[in-house]
Amino acid sequence: MADVDVVVVSAGHGGGGAESPGESTSGDGTSTDGEPSEVPLSSSSSISLGKSSATAYGDGGGDSIVIPDGEPFVGRSAGGGTRDQIFGSKTYGSGYPGITGCGVSGRGFPFWFWPVVWSDAAAEIQPCLNGSEYGDAYNTSRFGGPLMEATFISNSSSSSTTFHVLSDNSTVTSLIQSVDANCSHYLSSSSSSSPIPFNRRAHVDGYNNSATFSSNTNVTDSPLPSNMDTNLSVCLNQTIALAVPLVDEAFPSSFVAHPLVSVAVLGVVMSFLLLLF
């Protein structure tokens, strides 16, 4: 049977939205909520904004700030997003609380993290995929570090499925540990044990969603491969929704004087689940 590759975008805590997770599962299929744990952040943007860590299984939240002079994206909002706000749709740009529509240009950062970016070639075909203001995938200023990738390979004898998780370095590192703890029953030993450099590809072997580049909003998505491992798919979906690192509500004292009245219409894509290209 043919291999199936599926892209899961942990997108910037950016690129698409997430489905409601239900309960998460442990490696042997039992329910688990996971224990909050600290995830180090070492990029220049996170350090300069006083954020040295996020929390896996954390709640996020707190007041938002206005990014001060001297920092990337000065004047935009950052922070305030909570875990129950990360869910959206597969559309690139969903997952920003209170905002709908395709695209990430000019938006704030309710979860602090930057959105995953498409290639310039993709943006030329579909303008709403343009995320050039956030730099390329290798931008070390990105909150959480440059974009990285993890592969999770199904151990199913009837379906050789590979899922690719894309996000910043800190997030991918954390998710590898969470997925291994929750989904090991479905994983091949060939799955990632550490982040690997992001490998941008023009299409995904075994699945390519032609609707992604269409200007016709009525075009339906290409059907998922019939032999995709749904057990691993569900486990990834649930685990990412519950475990993806969020920045806690505490803020440096130099920023608490700058809260926004409302952050309902500002945000960064929190696409930690099954955005299928």
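**View A. Contacts of serine 178 in the predicted model.** Serine 178 sits in helix H3, residues 169–183 (helices, H or I of at least four residues, and strands, E of at least two, are DSSP runs numbered from the N terminus). Beyond its neighbours within four places in sequence, serine 178 is in contact with Tyr57, Thr239 and Ala243, where contact means heavy atoms within 4.5 Å. Serine 178 counts as buried because its relative accessibility is 8% (buried is under 20% relative accessible area, exposed over 50%, partly exposed in between, with a 1.4 Å probe and protein chains only). Residues are numbered from 1 along each chain as its sequence is written, and side-chain values use heavy atoms, without hydrogens or water. The model is predicted: local features need pLDDT of at least 70, side-chain atom pairs count only at pLDDT 80 or more, and totals for chains, interfaces and linings use all residues.

**View B. The salt bridge of glutamate 133 and arginine 76.** A search of the whole structure gives 1 salt bridge (a side-chain nitrogen of Lys or Arg within 4 Å of a carboxyl oxygen of Asp or Glu). The N to O distance between the side chains of glutamate 133 and arginine 76 is 2.7 Å. The pair links distant parts of the chain, 57 residues apart: glutamate 133 is in the loop between helix H2 (120–125) and strand S6 (147–153), and arginine 76 in the loop between strand S4 (65–66) and strand S5 (77–78). Glutamate 133 is partly exposed, at a relative accessible area of 30%.

**View C. The largest nonpolar core.** This core has 27 residues, of which Phe109, Trp112, Tyr134, Phe143 and Val247 touch the most other members. A nonpolar core is a set of buried Ala, Val, Leu, Ile, Met, Phe, Trp, Tyr and Cys residues joined through side-chain atoms within 4.5 Å. A second, separate core of 21 residues includes Ile86, Phe152, Met228 and Leu232.

**View D. Histidine 164 and serine 191.** Histidine 164 belongs to strand S7, residues 161–168, and counts as buried at 6% relative accessibility. From C-alpha to C-alpha, histidine 164 and serine 191 are 10.0 Å apart in space, and 27 residues apart in sequence.

**View E. Proline 223 and asparagine 209.** Proline 223 is in the loop between strand S8 (196–197) and helix H4 (230–243). Proline 223 is exposed, with 69% relative accessible area. Its C-alpha atom is separated by 7.9 Å from that of asparagine 209, 14 residues apart along the chain.
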